[in-house]
Amino acid sequence: MSQVTKPVADRLLGIVLIGLAAFVAVQAINLEVPFSYEPVGPRAFPLGLSILLAGLSLVLIFKPGADGEWPHKALAIRLLLVLGLLLAYAMLFTGLGFIPTSLMVVAALARLFGASNGKALITGVLLSAGSYVLFTEGLGIALPTGTWLAAFI
Amino acid sequence: MFDFLIEGFGVALTPLNLGLAFLGALLGTLFGALPGIGPINGIAILMPLAYTLGLPAESALILLAGIYTGAEYGGRMSSILLNVPGDAGAVMTTLDGHPLAKKGLAGPALGLSAVSSFVGATIAIIGLTLFAPLLAEVAVMFGPAEFFALMVFAFSSMSVMMGKDPIKTAIGAVLGVLIATVGVDSGTGVMRYTFGMPELYDGIDFVVMIIGLFAISEILLMLEHAHRKDGDGELPPLGRVFVSLKEVLYCKGAMWRSGLLGFIIGVLPGTGASVAGAVSYTTEKRLSDKEGTFGKGDMRGLAAPEAANNAAAAGSFVPMLTLGIPGSGTTAVLLGALMLYNITPGPMMFTERPEVAGGLIASLYIGNIVLLALNLPLAGVFARVLTIPRWVLVPAIAILAFVGVYQLHSDLTAIYLMLLIGVFGYLLRKLGFSLAPVILGYVLGGLMEQNLRRALSISGGDVDILWQSGISLGLWIAAAALLVLPWLVPKLLAARTRRHAG
């Protein structure tokens with residue numbers, strides 16, 4: 001698909017944005033507004049924005065710019081891996097606790113960004129332990145110690 | 001009339017604030033020098049941590065302003081040494097900076113850019129001191145209608161000046177304003193776009209927004225360069241570390257011209273360091289490039305954009321402090337930071353909170369001297385930061401982002417939202433959007449709606465109020481002219497040359 005010379009991305013974006021504008025407008029119209037003495041109310045501003053957005057998107061559809069460089073397959077997979085890692089970081093953050101979660105995520109991220117296994121592991125240990133000390137001792141931030149582990153004990 | 005400055009120095013010279021200005025300058029330079037982290041990312045990542053220190057508003061602002069100006073200093077390192085601009089403002093620095101480094105003059109080039117940054121910033125801070133109180137006096141006359149017109153002007157000036165694609169700049173700003181409408185409507189108490197999620201009732205948190213938009217999207221973007229050689233250990237030799245007085249004097253014309261130009265460009269809302277760098281470089285080239293040495297390592301070609309982009313960085317404080325309209329994406333972040341302290345920057349700040357306005361301006365003077373003192377002898381040390389590999393940098397950013405958002409409310413929803421906004425920011429950047437308009441729209445959106453509704457409440461719904469005063473009418477005309485002229489002028493010129501040819 002990368003050989004396609006017609007600028008597809010901007011046209012697609014324009015269509016998505018018009019959809020967004022329509023959604024914003026419908027949501028604004030459906031707002032139940034209590035009686036107030038204010039002449040404008042909460043609907044007008046988002047409605048105006050949605051009209052503006054739709055207009056700008058139309059320009060984008062009819063005069064699209066060149067397609068940017070999009071990730072090839074290998075990069076797209078790594079992109080999803082990084083996103084998955086960040087998501088896992090979020091899901092385990094409180095349950096498993098800051099230090100073990102950070103250690104694993106940092107090591108895996110370092111590996112994905114080109115470190116060797118050994119270097120990735122050392123980075124994980126140093127960064128997770130170091131940042132824990134810095135945040136809790138230095139800045140007084142309470143970091144999660146892990147609720148799952150506590151439940152077992 | 002300079003009472004605020006005297007009071008400001010009283011605030012800025014306390015040991016705590018002096019230390020914070022130093023810390024900010026140091027952290028800012030380090031973060032600015034890190035590959036791929038510009039000033040805006042640096043502030044986004046460090047800001048939540050500044051909050052945990054529990055500082056009063058003026059101290060927090062002094063720290064953040066130090067980070068901001070420090071990052072502008074640090075951004076030039078990778079431009080000069082690796083030919084990779086640290087941020088948009090440093091693009092022009094590569095043109096003559098990197099050829100100088102290749103000639104073995106990397107050390108003097110770094111020194112010269114520190115001196116020109118200092119000169120440019122000094123010109124702009126003096127301009128800020130003189131100009132801001134005057135503008136604040138005018139701005140006191142602004143009512144809601146004038147503020148609304150001013151914001152329309154700011155957005156149109158931004159669409160024209162910022163980025164290569166005006167349509168995408170405008171779309172980005174609209175998206176930012178739309179994000180700002182999420183949450184409870186202050187006028188009526190109606191929930192807008194919250195989809196029944198209590199976490200969204202207060203709107204999308206500022207810290208979540210900037211960390212997602214800048215830090216997370218940066219992580220995703222860096223993946224593209226993960227296996228490219230980072231230039232590990234490939235730094236060119238620095239040569240002698242100090243720049244000579246003769247070299248500095250050779251560039252003095254370029255410095256003050258560009259400093260002045262940069263300040264003026266920085267004051268205009270929506271145009272920041274990148275425009276200033278480009279305009280000053282081309283101006284200086286036209287004025288002094290008699291032997292055709294620009295682009296091949298001419299010292300003046302390095303001094304001009306460096307003086308200009310630091311002058312613009314300080315100049316963009318003028319509209320932010322006096323009108324509450326940020327002049328750049330980074331000052332938009334600073335403005336949002338102030339709002340978290342329940343301070344709305346604007347004309348009243350000079351009279352109601354002189355310790356904040358004056359303290360900030362005074363700390364800019366101090367920070368500027370600290371930066372020069374740090375950067376001249378320590379350039380070699382800061383340059384080492386460039387060799388930090390991405391596989392250390394990226395996980396570190398991830399930790400800072402997660403902890404920064406988590407410590408707000410000890411809440412995981414905020415982290416999921418941050419990741420979502422990060423993906424959104426990544427897609428926007430891949431689609432050729434610049435993120436500065438989005439953040440400007442997000443920061444100004446709420447104020448824009450409030451002012452519009454306040455104006456129409458005063459008039460009882462009559463829209464004529466929006467352009468009845470001379471100030472607002474002038475702003476509307478200026479906004480319209482900005483949008484029409486770039487499209488009209490080339491056509492008129494073309495028609496004229498055709499007539500001459502015919």
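Author: This is a predicted model. Four helices of chain B, α4 (57-82), α5 (93-139), α12 (299-315) and α16 (354-384), each supply at least two residues of the lining of the largest cavity. That cavity has a volume of about 80 Å³. The structure holds three cavities of 30 Å³ or more.

Start with the residues around the largest cavity. Its lining includes Thr69(B), Glu72(B) and Tyr73(B). Ala121(B) and Ile125(B) also line the largest cavity. So do Asn310(B), Ala313(B) and Ala314(B). Leu364(B), Gly367(B), Asn368(B) and Leu371(B) complete the list. The helix that gives the most here is α16(B), with four residues. By class, seven of the lining residues are nonpolar, four are polar and one is charged.

Now the second largest cavity. Its volume is about 40 Å³. Ala21(B) is one of its lining residues. Ile62(B), Ala65(B), Gly66(B) and Thr69(B) belong to this lining too. Ser363(B), Leu364(B) and Gly367(B) are the others. Two helices of chain B, α4 and α16, each supply at least two residues here. The largest share comes from α4(B), with four residues. This lining divides into four nonpolar and four polar residues, with no charged ones.

Technical notes: Residues are numbered from 1 along each chain as its sequence is written. Chains are lettered from A and ligands numbered from 1 in the order in which they are written. This is a predicted model: local features need pLDDT of at least 70, side-chain atom pairs count only at pLDDT 80 or more; totals for chains, interfaces and linings use all residues. Side-chain values use heavy atoms; hydrogens and water are left out. On a 1 Å grid over the protein atoms alone, a cavity is a set of points where a 1.4 Å probe fits but cannot get out, and a pocket is an open set with protein on both sides within 12 Å along at least five of seven lines; lining residues have an atom within 4 Å of a point. Grid points are joined across faces, edges and corners, and a volume is the space filled by probe spheres set on the points. Ala, Val, Leu, Ile, Met, Phe, Trp, Tyr, Cys and Pro count as nonpolar, Asp, Glu, Lys and Arg as charged, and the others, Gly among them, as polar.
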